[in-house]
Structure formats: structure tokens, C-alpha cells
Amino acid sequence: MRIIGGMSGTSADAIDVIALDVALAGDELRCLVLGHRAVALPPGLRADLLAALPPAPTSAAAVCRLDTGLGQAFAAAVQLALDEICNATADFAVISGQTFFHDVDGARCLGTLQLGQPSWVAERTGLPVVSDLRSRDVAAGGHGAPLVGLIDALLLAGRAGSGALNLGGIANLSVVAGASTMAYDIGPANALLDAAIAWRSTGVLSLDIDGQAAARGHVQQPLLDVLLADPFYALAPPRSTGKEAFHLPYLRDALQRSGAEDIETDDLLATLIALTASTVAQAVTAHGLIELLVSGGGCRNRTLMGELAARLPGVRLRRSEEFGIPEQAKEAFAFAVLGFLTVHGLPGALPSATGARQARILGSITPGAGPLVLPEPAAAGPVRIRVLDGHQRLA
């Protein structure tokens with residue numbers, strides 16, 4: 001089965017889209033990566049999205065227009081993959097949607113809202129679309145995030161002491177132990193860094209390229225102490241968070257409480273790097289991991305990666321390319337695989353990772369241009385993923 005997966009994360013800068021050929025062979029899920037692209041969100045759409053995200057006030061009209069605009073953006077990204085990678089042939093599209101609000105009260109997730117109406121994808125491409133994969137897990141008592149825990153468990157099956165770290169807007173960690181794999185959000189990665197640089201540059205910059213500015217700065221301990229005192233870090237997994245909690249007003253409040261309102265920009269970024277590196281290192285060390293598969297946009301921040309390496313001298317940091325998965329498209333890869341599981345009648349989340357009462361089949365399916373035809377339900381789910389190279393066959 002050929003699947004196109006599209007993912008837009010908490011950084012809300014682009015839709016990562018990937019095309020896979022996927023087959024279930026016994027207890028092994030075999031995946032062949034055909035190609036991937038990063039499709040930037042239209043600047044006006046991104047500006048409208050960032051302006052409406054919590055804690056900013058918004059309106060039903062704005063939410064409706066964002067749902068439409070994001071649906072059209074996902075449609076354009078899937079169409080690009082269909083044209084440029086798939087030679088106009090695919091069976092399903094899977095889209096993550098854009099998380100607009102993730103309603104968490106302490107250790108409980110009360111609800112989640114992803115924008116990006118899948119009907120636009122189905123209408124433009126003619127493909128049936130799997131979407132809204134988080135909500136069913138939330139309804140079953142889980143957090144609906146991070147859903148990548150199941151994929152990491154399959155990808156790193158049999159590798160004792162292994163885990164996976166995604167450095168997106170939020171850093172999340174998977175501690176791989178088969179059906180008992182734990183996955184949870186650690187805290188902010190790029191979310192506060194990007195908010196800080198955009199604020200201090202009055203919108204001229206959207207990120208600290210390669211962590212160059214942070215590398216020039218010095219950590220300001222009073223500010224770091226205030227940031228580390230956030231009660232979120234004391235919550236036991238499973239736990240999840242997002243830009244609802246970690247945003248520019250949050251950062252400005254921390255600056256005020258620490259007496260660091262006049263902090264230099266380079267020092268601010270260095271301190272935020274230290275926040276992410278210290279919280280990640282603490283989590284990795286607590287679980288006794290010796291190998292860490294790292295992916296996400298934060299991989300491009302050399303200062304952050306250097307800090308992680310310095311704080312985790314006994315841990316082998318590996319990039320997802322070593323496992324055949326593009327590091328910028330690992331979550332898109334994960335959603336594509338989750339969509340494959342859905343259309344084959346298989347659960348797409350681990351209760352040990354999300355906190356759900358029971359594993360559920362995830363998502364909703366929007367028909368494409370013709371009648372919706374699903375494959376026969378699989379008798380059992382996979383226990384491992386094998387990513388093939390171009391010289392190997394699916395079956």
C-alpha cells in the first residue's frame with residue numbers, strides 16, 4: 001500500500017510530507033521511503049495561525065478560516081508529493097492536522113483540537129484521508145500524544161537501553177520496552193527559542209539558525225531556575241503539553257519574576273538551550289538509556305545538540321537517517337504508518353505511552369473520489385518495523 005503522510009508540528013512553520021510503500025509481512029511492517037518534502041505554510045496563513053494560538057483571544061470565524069486554510073495547505077502538500085514523488089499513484093493520505101489547542105489539566109488531557117479540514121485533501125487529490133488520530137485516544141483516557149511512541153517501539157524493537165527523542169516545538173521522549181514503552185512530553189524545545197528570537201528581532205527572524213546566537217551567549221542562572229521550577233516537570237508520565245503552556249507571555253513572565261527583563265538576546269537563547277538540554281538530560285539519565293535516536297527540527301541547532309552531547313557523555317546519540325528515516329520527516333513517517341494501521345483495523349497507540357485505558361484504532365476516514373474500499377482487517381499487528389533501502393523489496 002502506498003501512503004502519503006503529512007505532519008505539521010508545534011513549530012507551525014511547514015508541513016512535512018512523506019511517501020511510503022508499506023506492507024505487513026507476518027509480524028514485520030516493511031516500509032520503503034519513496035521521498036519527502038518540507039512545504040512551507042503560506043506566510044499569511046502562518047501569521048494568522050500564530051496570532052490566534054493561545055493565549056491570544058480568537059473567534060469562531062478565525063478558527064473556521066484557519067481550519068479551511070490549513071486543510072488547503074495540507075491538500076497542496078499531499079498533491080505535491082503525489083506529483084513529484086509518487087508518479088500520481090497512492091492509496092491513502094494521512095494528515096496530522098495542526099494542533100490548535102490541547103486541553104490538559106495537570107496529569108489529565110480533557111480534549112484536543114486539530115485544525116486542517118481533511119475534505120480539502122480528498123477533494124483536491126481524490127485520495128481517501130485518515131485524519132484526527134489523537135481524539136480517540138483522548139476519549140479512551142489517554143493524552144493523544146506523543147503518538148510516536150508506538151512507532152519508536154516498533155522501530156527500536158529488541159534494542160535494550162534505547163530511546164527516541166524528538167526535538168520539535170516540544171521535546172518528547174520514548175523509552176522503548178516493547179508493549180510497555182513509555183512516551184511523554186519533556187518540555188519546550190524550539191517553542192520558546194523561536195518565540196524569543198521572533199520577539200527580540202521584531203519578526204525579522206523566526207529561528208536562531210544553527211544556534212549561532214545562543215552559542216555566543218551565557219546562561220543566566222536566576223532565569224533558568226525560574227523556568228525549571230515550572231510544576232509541569234514534576235508530573236509523572238504520561239504527560240503532554242504544547243504552546244498552550246509554553247509561549248511568549250509565559251517567557252516574559254519568567255523574565256519579570258527572575259529580574260532578567262534586560263537580558264541580552266544571546267544570553268536569553270543560551271539560557272533556553274540550557275533549559276531544554278537539562279530537562280532532556282535529566283529524563284534520559286533517569287531511564288538509564290544508552291542509545292538515543294534523535295530527530296526533529298532541533299537537530300539543526302548545533303548548540304543544542306552540543307549541549308545534549310556534553311550532558312549525556314555515556315549515551316550514543318544517533319540520527320534517524322541511520323535507521324532509514326529522514327530526521328525532518330520522522331513524525332510524518334510515523335503518521336503515515338499510523339494511518340496504515342488504521343485502515344487495516346489495528347490499534348495505533350500504546351496505553352503505556354499515552355495513558356489510555358486500552359489501545360484503540362485511531363482516526364477518522366474521509367472518502368476520496370470513489371467509494372471507500374478498505375483492505376481486509378489484519379489478524380495481528382506488527383512487532384517491528386524494517387525500513388528498506390531502494391534495493392530491497394516489500395514482499
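## Helices α6 and α9

In this predicted model, helices α6 and α9 lie roughly perpendicular to each other, because their axes cross at roughly 80°, an angle that falls in the range of 65 to 115 degrees counted as roughly perpendicular. Helix α6 covers residues 190-200 and helix α9 covers residues 248-258, and the two axes come within 9 Å.

On the α6 side the contact is made by L192, A195, A196 and W199, which meet L248, Y250, L251, R252 and L255 of α9. Sorted by class, the residues of this contact comprise eight nonpolar and one charged, with no polar residues. Two packed helices are described by the angle between their axes together with the distance between those axes.

## Glutamate 28 in strand β3

E28 is located in strand β3, which spans residues 28-40. With a relative accessible area of 11%, E28 counts as buried, because the cut-off for that class is under 20%.

The side chain of E28 makes a polar contact with the side chain of R386, at 3.1 Å. When neighbours within four places in sequence are left aside, the residues in contact with E28 are A23, P382, R384 and R386.

## Helix α12 and the residue after it

Helix α12 runs through residues 330-343, and its 14 residues reach 20 Å from the first C-alpha to the last, close to the 20 Å expected at 1.5 Å a residue. Of these 14 residues, 13 are buried, so α12 is largely enclosed by the rest of the structure. Just after α12, G345 adopts a positive phi of about 70°.

Note on methods
Residues numbered from 1 in each chain as written. Heavy atoms only, no water. Helix = DSSP H or I, 4+ residues; strand = E, 2+ residues; numbered from the N terminus. Buried < 20%, exposed > 50% of the residue type's maximum accessible area, 1.4 Å probe, protein only. Polar contact = N/O pair within 3.5 Å; in protein donor to acceptor, adjacent residues only side chain to side chain. Contact = heavy atoms within 4.5 Å. Axes fitted to C-alpha atoms, helices over the stretch in contact; angles between N-to-C directions. Parallel < 35°, antiparallel > 145°, perpendicular 65-115°, else oblique. Nonpolar A, V, L, I, M, F, W, Y, C, P; charged D, E, K, R; others polar. Expected span 1.5 Å × (residues − 1).
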